[in-house]
Amino acid sequence: MKNYIYMFVLLVCGTAMAQEKPKEVKQETIEKTVKYNNGEEITESKLKVISRETSNVELALDDKEKVDQQRVATAKKVETMVMVDDDLDPDYDLLSKETHFISDDKSFKFSPSDGGFNIIFDNNDNEFVVVGKAWSTKNPGSYIVKGETYNGIGYLTEKGEFVVEHYNADSKSIETVSYKPVKL
């Protein structure tokens, strides 16, 4: 009887775990040691940059019954973390973490700040301009967004998109702006 209970638990847990959506994660880590002279002594610091690309694995519906199915291109979430080790402890200290998105074929990055994150526009001249700010609310996953062109409420969808709903006084309607994860 004990064996039957173990088999039942294993079957239920194994089935539940198998229902998760598969994800593909690519990660690249670059480490460098930097020496600099601060006027009194030569100091050494270690710099680490981690780039992580995450995407859902989806298969073509036409190949549903085939053994070798074709993958469908999906949106990718790209995160970059810059860390430095310039003190005596063996751990790296996080300097910045950024997530890259696209909205209306324009590239944006979301950079954490106090109480939320900044929405930063990439103007393709290697210059980044802060065009908005989002603050976390007490409702998990919801943000108050203040931008150059609109103010509204933002939230993350299951697909990883960041959506902002705002009121347009000219059209007297609620409009949405969607920031999609970077598609490479």
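**The aromatic residues**

Mentor: Phe108, Phe110, Phe117, Phe121, Tyr143, Phe162 and Tyr179 form one aromatic cluster. Keep in mind that this is a predicted model.

Trainee: How many aromatic pairs are there in the whole structure?

Mentor: A search finds nine. Take Phe108 and Tyr179: the ring centres are 5.1 Å apart and the planes stand at 90°, so this pair is edge-to-face.

Trainee: Which strands do Phe108 and Tyr179 lie in?

Mentor: Phe108 is in strand S5 and Tyr179 in strand S11, so the pair ties together parts 71 residues apart in sequence.

Trainee: Are Phe108 and Tyr179 buried or exposed?

Mentor: Both are buried. Tyr179 also pairs with Phe162: their centres are 6.4 Å apart with the planes at 40°, so that pair is tilted. Phe162 lies in strand S10 and Tyr179 in strand S11, so here the linked parts are 17 residues apart in sequence. Phe162 is buried as well.

Trainee: Switching to the core. Which residues of the largest nonpolar core touch the most other members?

Mentor: Of its 13 residues, those are Phe110, Phe117, Ile119, Val145, Phe162 and Tyr179.

Trainee: And which strands supply at least two residues each?

Mentor: Strands S5 (106-113), S6 (116-122), S8 (142-147), S10 (162-168) and S11 (173-181).

Trainee: What does Phe117 touch?

Mentor: Leaving out residues up to four places away in sequence, Phe117 touches Phe110, Ser111, Pro112, Lys133, Ala134, Tyr143 and Phe162. Phe110, Tyr143 and Phe162 are also in the aromatic cluster with Phe117.

Definitions and conventions. Residues are numbered from 1 along each chain as its sequence is written. This is a predicted model: local features need pLDDT of at least 70, side-chain atom pairs count only at pLDDT 80 or more; totals for chains, interfaces and linings use all residues. Side-chain values use heavy atoms; hydrogens and water are left out. A nonpolar core is a set of buried Ala, Val, Leu, Ile, Met, Phe, Trp, Tyr and Cys residues joined through side-chain atoms within 4.5 Å. Buried means under 20% relative accessible area, exposed over 50%, partly exposed in between (1.4 Å probe, protein chains only). Helices (H or I, at least four residues) and strands (E, at least two) are DSSP runs, numbered from the N terminus. Contact means heavy atoms within 4.5 Å. Rings of Phe, Tyr and Trp (its six-membered ring) pair if their centres lie within 6.5 Å; planes under 30 degrees apart count as stacked, over 60 as edge-to-face and the rest as tilted.
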